[in-house]
Amino acid sequence: MKAREVELLCTLGPASLNDKVIHWLDRVGTSLLRVNLSHTKIEDLERIITFIQKRTRIPICLDTEGAQVRTGPLVEGKVMVHENRFLTARARPVAGDQFSISFYPAYIVNKLQVGDFISIDFNAVLTQVVEKDNEAVILRVLNGGELGQNKAVTVQRTLDMPPLTEKDVAAIAIGRRMGIRHFALSFAHRGSDVDGIRAKAGPGAIIISKIECLSGLRNLAAIAEKSDAILIDRGDLSREVPIEQIPAVQKMIIRNAKAHGAKVYVATNLLESMTSAPTPTRAEVNDVYNTLADGADGLVLAAETAIGQYPVACARMVVKIAEQFRRNMAGGAHAIRVRPSSLHAGVEPHGGRLVIRTLGPAEDLEINDLPTVTAADEDLTDVEQIARGTFSPLCGFMDKGCLESVLEHNRLPSGLAWTMPVVLAVPKETASRFSNGDRVLLCSKSGLSHSVLDISETYEFDPELLARKWFGTDSREHPGVARVLARGGHFLAGSITLIQPLPSPYRRYDLTPAQLRTVFAHKGWTRVVAFHSRNLVHRVHEVIQLAALERTYADGLLINPVVGNAKRGDFMPHLVLDGYQAMLDYGIYPPGKVVLASFITYPRFAGPREAVFTALCRKNMGCSHFIIGRDHSGVGGFYGANESRELFDELGDIGIEPIFFDAIGYDTQSESYVDLNACKAATPISGSEIRRALRAGEALPNWMMRSEVQEVVRAEVMMKHALFQE
């Protein structure tokens, strides 16, 4: 089967008529945005069209009410009607209840006859007309149940209804004036119905005729001949066609419509479970895939994006299924490659795959007779991050050629962007003991057998030159320079294999890149903002975290503090984690939007190089965006405010997008945030008020006030733990 492009049509509604969802529907590749006139007031239409057109260039399709009967308004939005009771259906709109409802359009009441069977709300309720006058009919309830307002009403005989309502005609006129060219004709009964809407829509209009009734099915050839596309509404169609016949009818419609030159779209229940769940059922995925295999040109999301909880996730899921379908059709069955589902979330790892260099349960490196090299804890944490994939595509410590490429060009020899040297410095006498091809055991200072290094090269590099190239300075006041000079100029290179990690009190929050991707996939996140810090929870940090979430329309936030060896004066890692945990316990962050995970590494203080490097680490964790502060990973006055921006610009697209913030402070006189990057001002409340509100379980006034809570949390953490470092 020939691979083809698949169109995605998304319905806008209460869940999706906002900046964030429209932004991501655009980014995910939506072909057409559908506005359902059955659920849109005519007086709101121009405003809605303007709202959409200001935010995206995706074409808009106005979907008419068409020749359809619906229930009128209900007092509580829905009502339970009971069997063997009587229900009045009026032509005049009323606030309906269990005794009296109304039908729309009003003229339909006059067309009903005594004896007519009427099913309401997808056959939830079955009634029969037993009495009639000019204003109402009396219905006997033969099968009781719950019915809702603005729900489909089916009369089990054909009623002559015009193809467009007065509201449809007015809406089409508004659409034409505002540049809309796509119109969907609901309940197309015959070819002349298409002529009618085309006359109203004007020259150049694209008409999508919806097949959702038996008469439309019988006149399919004439309708398809006059239409640009056919839309199969399986929901309404199943009110008149037995549901077990719908799959065969779908195949027949697609085949016949395409024979007449019309595209075919399929709607209803594609990913219905995702209106309330972040992932679809297997049956739904199978249905979508097989619908494409049937020959459908496009898929329509209705309730999934209009009122569902996960509109963007639904659109992304359809796109992923369509992409998988196209790959399979292009390459044949032999091209199907199964990938671990946990890696589907987020962006692709740097270099295309996560490097995993850990021992499996059945592996044995036979380490008992290996020569040992005692390594610093910083080097061993580098080993751990290489082994778990955080430093992908690195498989071990860099050789001289790789190091020179990184220092000179900020790239690996392959050309892939990489800014941070990852090297193993050893004493001269240690380097002289080994040669290429040797295998050594790396041990901690406490004697822990940590990892194995397969040496590919031993080499020398002038430490002063290394420090100057690495940090842009040779000043010994720079802690990174001092560390490089203290360790000398002899190095071992080669791939590593982790045996066991260093003991750490912070493993409670430890998640590998693969595990984080699993968490993001489970949450339905594909766009994640990462935040890097080695400081205690900070009121301004929350401002930029939430501002970054808002600015990028991301699904969630990864707070990823550094908890490795710190420089003197830094906060102890457990205080940083406890502070953020307290913020989560108090419910300060938006619910369901934050993952807290420790990053067991150490600061290099490499300024712009480290900003890019830490971004690439979060890319490997599955993040799409990374927050860069005014002085990210800098120290003292060694780096300028714009150097990180310049390096990101120089490297181009590295697969993770930096989110830059300038300095932000708090003005105690005006009691507001002073943004040097246009952050919002906040109205503070006192610590005593916050403590009282939190202990009473009261809601806080607004999200900016949550920043004040951090001061309370900070004070309580300070009191709980000693902040002294030897």
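The model is predicted, so local features need pLDDT of at least 70 and side-chain atom pairs count only at pLDDT 80 or more, while totals for chains, interfaces and linings use all residues. Residues are numbered from 1 along each chain as its sequence is written, and side-chain values use heavy atoms, leaving out hydrogens and water. Helices (H or I, at least four residues) and strands (E, at least two) are DSSP runs numbered from the N terminus, and two strands pair if DSSP finds at least two bridges between them.

**The barrel**

- Eight strands form a closed barrel in the order E1-E2-E3-E13-E14-E15-E16-E17, with parallel pairing.
- From one strand to the next, the twist averages 25°; axes are lines fitted to C-alpha atoms, for helices over the stretch in contact, and angles run from 0 to 180 degrees between N-to-C directions.
- Strand E2 (residues 32–36) pairs in the parallel sense with strand E3 (residues 60–63) over 4 bridges, and Arg34 has Cys61 in E3 as its bridge partner.

**Around strand E17**

- In general, strands of a sheet pair through backbone hydrogen bonds, either parallel or antiparallel.
- Leu299 in E17 has Leu8 standing opposite, and Val266 stands opposite Leu299 as well.
- Strand E16 (residues 263–267) pairs with E17 in the parallel sense, over 3 bridges.
- Helix H10 (residues 282–293) carries the chain from E16 to E17 in a right-handed β-α-β crossover; right-handed says that, with the strands pointing away from the viewer, the path from the first strand over the helix to the second runs clockwise.
- In a regular strand the side chains alternate between the two faces of the sheet.
- From E17 (residues 298–301), Gly298 and Val300 point one way and Leu299 and Leu301 the other, and all are buried; buried means under 20% relative accessible area, exposed over 50% and partly exposed in between (1.4 Å probe, protein chains only).

**Helices on the sheet**

- Helix H2 (residues 42–53) lies across E1, E2 and E3, and runs at about 155° to E3.
- Helix H5 (residues 191–201) packs on the sheet, touching strand E13 (182–185) and strand E14 (206–211), and its direction makes about 150° with that of E13.

**Nonpolar cores**

- A nonpolar core is a set of buried Ala, Val, Leu, Ile, Met, Phe, Trp, Tyr and Cys residues joined through side-chain atoms within 4.5 Å.
- The largest one has 73 residues, and those with the most contacts inside it are Met398, Trp418, Leu442, Leu453, Trp470 and Leu558.
- Helix H21 (residues 608–620) gives the largest share of this core, 6 residues.
- Apart from this core lies another, of 68 residues, including Ile60, Ile230, Leu237 and Leu292.
- Beyond its neighbours within four places in sequence, Met398 is in contact (heavy atoms within 4.5 Å) with residues including Leu403, Trp418, Tyr459 and Ala493.

- Gln545 is placed in helix H19 and is buried, with a relative accessible area of 0%.
- The side chain of Gln545 makes a polar contact with the side chain of Tyr589 (2.6 Å); such a contact is a pair of N or O atoms within 3.5 Å, where within protein one must be able to donate a hydrogen and the other to accept it, and residues adjacent in sequence count only if both atoms are side-chain atoms.
- Gln545 and Ile559 lie 14 residues apart in sequence and 8.8 Å apart in space, C-alpha to C-alpha.
- Thr552 also lies in H19 (residues 539–552), and counts as buried because its relative accessibility is 6%.
- Not counting residues up to four places away in sequence, Thr552 touches His23, Trp24, Val529, His625 and Ile659.
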